[in-house]
Amino acid sequence: MSQPLLVVDGDSFAHRSYHALPKSIRRRGGGGAGAIVGFANFLLRLYAEEQPRAVLVGWDTLDAPTYRHQALALYQSGREFDAELLEQLAILPEFVAACGFAAAKAPGYEADDFLAAAVAEEERRGGTAVVASGDRDAFQLASDKTAILQPVRAGEMARIGPAEVRERYGVDPKQVPEFIALRGDPSDKIPGARGVGPKGAASLLRRYGSLEAALADGRFAAQADELRLYRRVATMDAAAPLPRLDDQTPRWDAAAALARGWELGNLSERLAALARGDAG
């Protein structure tokens, strides 16, 4: 059990790759390939660095609402994605599977939920996990058995544990959903408590220990139900359905063949070298 489970927010890094790489990168038939190539290179680098026992990549289902969208009309409202990005997001799970890795995607769930479910399962079985995500919501998963990898600049990742969460937010990892509920989250359109910013949210949680204790003391009486809803929206669903996460042996040759079929020569060559054992 010395090797960790590597859990990756696929949408997070596909989006980053799409916006970071030139749109001139094309695949067979003329379709876009920047998100594919960027995500693949990121995944291969991460695999080489972490040497995990298995990999799970979680994906959003963008054409089906989650309970979050149904409960909070504002949630993630106004987001629009280029058709070329959506097309690549649809086929990236095929690349993950070709590598011999597991993918999780289901209507009603976000990538975040699969990350939480995988971490909970791995910790129950006595293992450790490494979670790669560009979303700070993932800080709620940090523990003595689980580290969060967060991109901070091109090619560099910060490793976040409970101490780093406390340093950055002033709260424990398990308090992160309550911190978000109080502070709000502009990127997800979670309003938060009126007049409360990051420092105020952390101070309240240090004083009361929990959102419920603050509400019981009469704080935010007019917003109590809303804040409970925001906490629920910010909480990753560890009951999300998962595939089997047995130990894996990468199938670099199959992934190289897929990349070759897409006419992504450099990626195919890199994967072929991994299959031969020529590269790390």
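This is a predicted model: local features need pLDDT of at least 70, side-chain atom pairs count only at pLDDT 80 or more; totals for chains, interfaces and linings use all residues.
Residues are numbered from 1 along each chain as its sequence is written, and side-chain values use heavy atoms, with hydrogens and water left out.

Let's start with the whole chain. It has 12 helices and six strands; these are DSSP runs numbered from the N terminus, with helices being H or I of at least four residues and strands E of at least two. The C-alpha trace spans about 65 × 40 × 30 Å along its principal axes. Of the 280 residues, 52% are buried, meaning under 20% relative accessible area with a 1.4 Å probe, protein chains only. Among contacts (heavy atoms within 4.5 Å) with a separation of 6 or more, 69% join residues 24 or more positions apart.

Now, where do the nonpolar residues gather? The largest nonpolar core has 51 residues, and those with the most contacts inside it are Leu-141, Ile-148, Leu-182, Phe-220 and Leu-227. Helix H5, residues 111-124, gives the most to this core, with six residues. A second, separate core of 42 residues includes Val-8, Val-37, Leu-89 and Trp-262. By core I mean a set of buried Ala, Val, Leu, Ile, Met, Phe, Trp, Tyr and Cys residues joined through side-chain atoms within 4.5 Å.

Next, have a look at helix H7, residues 176-183. Seven of its eight residues are buried, so H7 is largely enclosed by the rest of the structure. The buried ones run from Val-176 and Pro-177 through Glu-178, Phe-179, Ile-180 and Ala-181 to Leu-182. What do they pack against? Their partners are helices H6 (162-169), H8 (198-208), H9 (211-216) and H10 (224-234).

Is Ala-193 buried or exposed? Ala-193 is buried, with a relative accessible area of 5%. Leaving aside residues up to four places away in sequence, Ala-193 touches Ala-181, Leu-182, Phe-220, Gln-223 and Leu-227. Phe-220, counted that way, touches Leu-182, Ala-193, Val-196, Leu-204, Leu-215 and Leu-227.

Note on methods: Buried means under 20% relative accessible area, exposed over 50%, partly exposed in between (1.4 Å probe, protein chains only).
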